[in-house]
Amino acid sequence: MEKSDWKNFFEKKVGKCKILVVGDIMIDKYYYGDVHKFASDAPVPVAKITKRRNSLGAAANVASNLALLGCQTFLAGFVGEDHNFETLSEQLKTCKINQDGLIKTDSPTTTKVRVISGHQQMFRMDFEDSATKPEEKYTALEKYIRSLLNDSLDAVVIADYEKGVCTEYFCKNVIKYAHDHGVPVTVMPYGQRWIKYEHADYVTPNIAKINKVMLAPISGEDDETVERAGRYVMRKFKIKNVLATRSAHGITLVTENEVAHIPTKSQEVYDSAGVADTVAAVFSMALAGGLKPSDGAYITNVAAGIVVSKSGTYAVSKNDMMNAMNLKNLDFEDAVSLPYAV
């Protein structure tokens, strides 16, 4: 694709893409401070908090990427009726993410609270309940998804972090509903039970996640080994295609009829947090916008390279992408080889 084609894609097509992200929703809270003393009542350090920050996590971060890219973005999943939900909701409003699909439960809103002194994380507190929710909650969630599909969608992303949403029954239902409307489904897999993603159009694992389901682990260094692993996943779990991220060794797209290995260029990596979310988001945006899967894989490589150059979880924006793909007046063949790592 020529630079003018990519500019047209971002300026005219992306804004029309309607994408649903469904799965485990989180909010990340960061408290920054200095430690100068220990508590008088216990042998623990005391941090004087000087700054705080909130960011969207898991499925919510996937949605954040899509919204900043300019897509019409819908988020669905379970939340609690608590203060952390209020924080989450405000963040979603800021990003202009539709939150009509958030189903309230008796469980807490999944939240990770980190206290950081200098560059060192001192400790983390998790508020979560990963137990399966009551049947009526899944019924309400599926009802919302079906109504949204009836109003037309261009892509669905299932973001699985094993926090209680993505049961086998639920995932298979979502995939079926989407396919009944001709809508592609991209899955961010987790754990070992990938059978629940059966018939998904794409899964987007890194090598560590692939190794969770392999008989013997692979390193990700060799193209042919990664291709064989991708085809193994496709056969075993009846998944149509695999987009595998390979850290410094690139990204590989495996389909029934072709394979594309996209190399990277070395760079200093600041932080790989959130890269998996960006990969799923950008690739789904490409599918929703009508790009060929290979072009989608290329543009995903550009986005991942942007994210790892940032500190902390970072949601890539349309301006980020357009700047990167016009950097030093690059044409597309140069731009797609910008580095990334996961």
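The model is a predicted one, in which local features need pLDDT of at least 70 and side-chain atom pairs count only at pLDDT 80 or more, while totals for chains, interfaces and linings use all residues. Residues are numbered from 1 along each chain as its sequence is written, and side-chain values use heavy atoms, with hydrogens and water left out.

Begin by selecting the C-alpha trace of the protein chain, which spans about 65 × 50 × 45 Å along its principal axes. A compact globule of 342 residues would have a radius of gyration near 20 Å, and the chain agrees because its value is 20 Å (taken over C-alpha atoms; the globule rule is 2.2 Å times the number of residues to the power 0.38).

Next, colour by secondary structure to bring out 11 helices and 13 strands (DSSP runs, H or I of at least four residues for helices and E of at least two for strands, numbered from the N terminus).

Then colour by burial: 55% of the 342 residues are buried, meaning under 20% relative accessible area with a 1.4 Å probe, protein chains only.

Finally, select Phe-78, Pro-108, Thr-110, Lys-133 and Lys-163, which lie nearest the centre of the largest cavity among its 15 lining residues. On a 1 Å grid over the protein atoms alone, a cavity is a set of points where a 1.4 Å probe fits but cannot get out, and lining residues have an atom within 4 Å of a point. Strand β4 (residues 72-80) gives the most to this lining, with three residues.

Note on methods. 1 Å grid on protein atoms, 1.4 Å probe; cavity = no way out; pocket = protein on both sides within 12 Å on 5 of 7 lines; lining within 4 Å. Buried < 20%, exposed > 50% of the residue type's maximum accessible area, 1.4 Å probe, protein only.
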